[in-house]
Amino acid sequence: MSLEMPFLTAVQVQQHWAHSNNVNLLASGANNPQVGSTGSGIYAGNKGALVEVMNGNDETKLYTATVPKINFPGNENIVIRHDIVRYTKEEMKRLFLKRDQLDRYEIRYLEDSDGEHSVGGNFCQNGVCCDYNLNYSIANSASRPHYQYAMAFYHGNRTFDGFADGGVVACSIITCPTSNISTCGTRDEELSNIHVWNHIEIKGSFPRARKFFYLPSTLDTSILPLQPNQFEYQTADIGSNQVDIAMSLHGNAENLLTFGIYGRDFNLDDDEEEIIEDTDGGVGAIKSIPIHLISILIVGLFIRKFL
């Protein structure tokens, strides 16, 4: 199945899954950009990507990295090298990307005039609430065709290419080429990203249970995620049924396509499987979620089962 904007491109999910679980991950994606297949990386938990690439060209290449073991004595002395293969948005034009079913989302467009803007608000839907506080600057908007930005929120069901249905949770900044919601989550390489993001804070209270799983979700115009030192993602368990999640931007950012929280609600899936208990009580470990139809694209594709 093809990759999707704005939440389900391969490296975007690979890196954020490894970061959230603080585990090393090797992900090798078949490269066929015309059908939306690409995305490989080697990830060192919350230290980020050692190697990552999203490629709009037909290429085959071997990537290697020195990977420090997690929580292993002496690994702090290993020199970590980050090899981020970054292509321009023009070079990525040949990569086919599908669009998420954003017409089901609650979409709120952000102010698009010149100047500095501070915007705040909240969403609530089906037991999930999310707050956002944003500050951004725009200059010379009239002379430059550009993306518009919106806040998108959803907690409900979707189909994965008709093969199966599953529940998702999302609260995020996204881009839209026009003021028509049907264009949100698509690309237009002729448009500029003129917004300079000075502050982004997205936080909320989310259901905490074995059938929920959450990730940070970021993406820029090279179809790569932000690195862990560019944002902060924190979770705090509130009792046995709720987790508070807060995500914020470090410094300034440009060329954003996505910034927010994305998750899965397996209660809404069209089939059920036995869930393996997490004896540590953690949220987000692979063993603590049903692993049918993993929508986090660890290998860059939806897969029915693994392990």
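Good morning. I begin with the second largest cavity, whose lining residues divide into three nonpolar, one polar and four charged. The structure is a predicted model, and every value I present is computed from that model.

Which residues line this second largest cavity? They are Lys89, Tyr147, Arg187, Asp188, Glu189, Thr221, Ile223 and Leu257. The space inside the second largest cavity comes to about 50 Å³. A search covering the whole structure returns two cavities of 30 Å³ or more.

Let me turn to the protein as a whole. The protein has 307 residues, of which 51% count as buried. It exposes about 13,300 Å², and carbon and sulfur atoms supply 49% of that area. If we take the contacts between residues at least 6 apart in sequence, 72% of them join residues at least 24 apart.

Is Gly167 buried or exposed? Gly167 counts as buried because its relative accessibility is 0%, and the cut-off for buried is under 20%. Leaving aside residues up to four places away in sequence, Gly167 touches Gly156, Asn157, Gly263, Arg264, Asp265, Leu268 and Asp269. Finally, consider Gly167 and Tyr154: 13 residues separate them in sequence, and the C-alpha to C-alpha separation in space is 9.8 Å.

Thank you for your attention.

How values were computed:
Residues numbered from 1 in each chain as written. Predicted model: local features only at pLDDT ≥ 70, side-chain atom pairs only at ≥ 80, totals over all residues. Heavy atoms only, no water. Buried < 20%, exposed > 50% of the residue type's maximum accessible area, 1.4 Å probe, protein only. Contact = heavy atoms within 4.5 Å. 1 Å grid on protein atoms, 1.4 Å probe; cavity = no way out; pocket = protein on both sides within 12 Å on 5 of 7 lines; lining within 4 Å. Points joined across faces, edges and corners; volume = space filled by probe spheres on them. Nonpolar A, V, L, I, M, F, W, Y, C, P; charged D, E, K, R; others polar. Areas by Shrake-Rupley, 256 points an atom, 1.4 Å probe, with all protein chains shown as cover.
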